[in-house]
Amino acid sequence: MHPRTFFQHCPRCGLPAPEVLPKAPFYCERCSFLYYFNPAIAAAALILREDGAALFIRRSKDPGRGKLAMPGGFIDPGESAEEGLRREVREEVNLELDRLEYFGSFPNEYAYRGVTYQVLDLYFFAKTNLDHQAKALDDVDAFEWVLPASVDLNQIAFSSMRTALERMRKKG
Ligand SMILES: [Zn+2]
């Protein structure tokens, strides 16, 4: 369900909300409160070590529990995509990323506890020679180093990530 579905009253003045198309912004006739359901921003990295293998995590939580993903996550307000990505990678796999090379953006839908959030995923290439320091930390069951070309795309947690990985393989 789109988050708009759950705005049954104006969050500012409490007026019951009219039913509108779910993707429209929320607008209150009484107090003029206007709220856009913009996509959240997330960033992920294809982290390559010197032998060309990339780091994939096994997700410990839904959505995509048990599936593979590139490390990354949601960007906090006030963070740049690069800062948020470095923080997420530090929190998930204990790696400090140096240079990030932007690859491209892909829209995603993130279904969580009965609500489907629109997300824009930003993908980056990164390199590391500190692969021996990687650890499975927050929201990560395990990780593996795999050649990107040999990853089974059906094992990837998100459709945007499958598309990104397919295209990154051609470039990387
Ligand atoms: Zn209102």
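## Strand β3 and its surroundings

Strands β3 and β6 pair in the antiparallel sense over three bridges, where pairing requires that DSSP finds at least two bridges between two strands. Across this pairing, A44 stands opposite G72 in β6. The model is a predicted one, in which local features need pLDDT of at least 70, side-chain atom pairs count only at pLDDT 80 or more, and totals for chains, interfaces and linings use all residues. Residues are numbered from 1 along each chain as its sequence is written.

β3 also pairs with β8: nine bridges join these two strands, which run parallel. L48 of this pairing faces K127 in β8. Seven of the nine residues of β3 are buried, and the strand is thus mostly covered. A residue is called buried if 20 or more other C-beta atoms lie within 10 Å of its own, exposed if 12 or fewer, and partly exposed in between, with C-beta atoms placed from the backbone.

The chain as a whole has two helices and nine strands. These are DSSP runs numbered from the N terminus, helices being H or I with at least four residues and strands E with at least two. From the N terminus on, the order of elements is β-β-β-β-β-β-α-β-β-β-α. The C-alpha trace spans about 60 × 30 × 30 Å along its principal axes. Of the 172 residues of the chain, 27% count as buried. Among contacts in the chain with a separation of 6 or more, 61% come from residues 24 or more positions apart; two residues are in contact if their C-beta atoms, placed from the backbone, lie within 7 Å.

The chain is divided into domain 1 (1-37) and domain 2 (40-171), with bounds that come from an automatic or database domain assignment. The C-alpha centres of the two domains lie 33 Å apart. Four residues from domain 1 and five residues from domain 2 make the contact. On the side of domain 1 that touches domain 2 there are three nonpolar residues, one polar residue and no charged residues. In this classification Ala, Val, Leu, Ile, Met, Phe, Trp, Tyr, Cys and Pro are nonpolar, Asp, Glu, Lys and Arg are charged, and the others, Gly among them, are polar.

In soluble globular proteins, nonpolar side chains tend to be buried together. Here the largest nonpolar core has 35 residues, and those with the most contacts inside it are A45, I47, F56, A69, V93 and M161. Such a core is a set of buried Ala, Val, Leu, Ile, Met, Phe, Trp, Tyr and Cys residues joined through C-beta atoms within 7 Å. Two or more residues each are given to this core by β3, β4, β5 (68-69), α1, β8, β9 and α2 (159-171). β3 gives the most, with seven residues. Leaving aside neighbours within four places in sequence, M161 is in contact with A44, A69, M70, D121 and I156.

Helix α1 (residues 81-93) has 13 residues and reaches 18 Å from its first C-alpha to its last, close to the 18 Å expected at 1.5 Å a residue. That expected span is 1.5 Å times one less than the number of residues. The buried residues of α1 are G84, L85, R86, E88, V89, E92 and V93. They pack against β3 (40-48), β4 (54-59), β6 (72-74), β7 (100-112), β8 (115-127) and β9 (140-146). The helix is followed by N94, whose phi is positive, near 65 degrees.

S32 lies in the loop between β1 (26-27) and β2, and its phi is near 70 degrees, a positive value in a residue other than glycine. S32 is exposed because 10 other C-beta atoms lie within 10 Å. D139, in the loop between β8 and β9, has a phi near 60 degrees, again positive in a residue other than glycine. With 16 other C-beta atoms within 10 Å, D139 is partly exposed. In the loop between β4 and β5 is P63, and the peptide bond from D62 to P63 is cis, with omega near -5 degrees.

N38 lies in the loop between β2 (34-35) and β3. This residue counts as exposed because it has 9 C-beta neighbours inside 10 Å. N38 and V119 are 81 residues apart in sequence, and their C-alpha atoms are 8.3 Å apart in space.
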